[in-house]
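Please keep the sequence and the model in view while reading.

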Amino acid sequence: MSQVVGRDDLLLVTLDTLRFDVAVELAEAGRLPNLAAHLPGGRWEERHAPGSFTYASHQAMFAGFLPTPAARGPHPRLFAARFEGSESTADRTYVFDAPDLVSGLADAGYRTVCIGGVGFFNKRGALGSVLPGMFQESHWEPEFGVASPTSFEAQVARAERVVAELPAGQRLFLFVNVPSLHQPNWFHLPGATRESGDSRATHAAALEYVDRHIGRLFAAASSRRRCFTIVCSDHGTAYGDDGWTGHRLGHESVWTVPYAHFFLEPGAHR
């Protein structure tokens with residue numbers, strides 16, 4: 001990353017609330033053709049989330065603490081704030097002298113842009129303004145929110161406009177928080193009803209919906225130059241697992257998340 005930053009554009013996509021097991025099942029079944037084409041070896045990496053709900057997890061990720069590999073470490077990080085005694089900062093780590101990664105990339109000359117999704121990015125109050133307030137430019141509208149069946153399509157359209165309006169030489173750090181997996185997601189499964197509610201099946205259908213449109217996001221992000229891309233979940237959620245429901249709790253379905261990073265080559269996605 002110490003060589004990537006300053007050379008390539010950067011894209012961080014958080015598939016908010018996506019469970020690891022559902023992501024793996026769909027990839028193995030061939031139900032995520034657009035995502036699987038970019039996953040190293042066609043597989044998601046199993047990692048542990050830095051938080052059990054959106055706000056905590058994104059605060060950590062924006063400080064450089066991405067989901068941690070689910071294996072014995074230490075695990076060198078891609079990004080890290082400069083501080084003494086860090087055991088996860090290596091020679092290849094991009095080290096920034098700022099309180100958060102977003103500011104660090106802005107200091108390095110990047111245009112930092114947030115396209116929000118769930119309520120912690122809606123800027124409708126003080127709490128919903130903290131995370132998007134880290135960015136030089138942030139976007140949210142009701143069409144991007146959890147209640148919209150076409151939220152990701154609307155977000156992608158905004159991303160396309162953001163990229164098109166940038167000067168050719170301007171490096172970009174684009175962050176997209178995808179709300180489609182978050183409840184309510186029942187409307188992504190044909191035949192499901194509000195009364196039947198959300199389930200693993202509707203969660204899976206929401207991921208398939210995202211996969212159908214993510215190629216456009218990848219095409220926009222890599223339209224100007226090579227783009228280093230991270231796609232991950234910020235936390236999972238429980239659908240009655242061992243009697244647990246929801247997130248902001250300490251269950252495996254919440255702490256275990258899918259992760260991948262890869263390069264998008266310019267002009268390779270249309």
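Helix α3 spans residues 54-61, and its buried residues are T54, S57, H58, A60 and M61. Buried means under 20% relative accessible area, with exposed over 50% and partly exposed in between (1.4 Å probe, protein chains only). The model is predicted, so local features need pLDDT of at least 70 and side-chain atom pairs count only at pLDDT 80 or more, while totals for chains, interfaces and linings use all residues. Residues are numbered from 1 along each chain as its sequence is written, and side-chain values use heavy atoms, with hydrogens and water left out.

**Helix α3**
- Viewed down the axis of α3, the buried residues fall within an arc of 155°, so they line one face of the helix; the arc is that of the directions from the helix axis to the C-beta atoms.
- The cover over these buried residues includes β1 (9-15), α4 (101-107), β8 (172-178) and β9 (227-232).
- Helices (H or I, at least four residues) and strands (E, at least two) are DSSP runs, numbered from the N terminus.

**The sheet**
- An open sheet of 8 strands has the order β3-β2-β12-β9-β1-β8-β6-β7, with mixed pairing; two strands pair if DSSP finds at least two bridges between them.
- At the edges stand β3 (68-69) and β7 (137-139), each with a single partner strand, so one side of each has no neighbour in the sheet.
- β1 and β9 run parallel and are joined by 6 bridges, and L11 stands opposite T229 in β9.

**Helices on the sheet**
- Helix α6 (residues 151-165) packs on the sheet and touches β6 (111-115), β7 and β8; contact means heavy atoms within 4.5 Å.
- The direction of α6 makes about 170° with that of β8.
- Helix α7 (residues 200-221) lies across β1, β8, β9 and β12 (256-264), at about 170° to β1.
- Axes are lines fitted to C-alpha atoms, for helices over the stretch in contact, and angles run from 0 to 180 degrees between N-to-C directions.

**The cavity**
- There is 1 cavity of 30 Å³ or more; on a 1 Å grid over the protein atoms alone, a cavity is a set of points where a 1.4 Å probe fits but cannot get out, and lining residues have an atom within 4 Å of a point.
- The largest cavity has a volume of about 80 Å³, the volume being the space filled by probe spheres set on the points.
- β1 gives the most to its lining, with 3 residues.
- Residues in the lining include M61, F79, F173 and F228.

**H182**
- H182 lies in the loop between β8 and α7 and is buried, with a relative accessible area of 15%.
- Not counting residues up to four places away in sequence, H182 touches D16, T17, V118, V146 and H247.

Notes: On a 1 Å grid over the protein atoms alone, a cavity is a set of points where a 1.4 Å probe fits but cannot get out, and a pocket is an open set with protein on both sides within 12 Å along at least five of seven lines; lining residues have an atom within 4 Å of a point.
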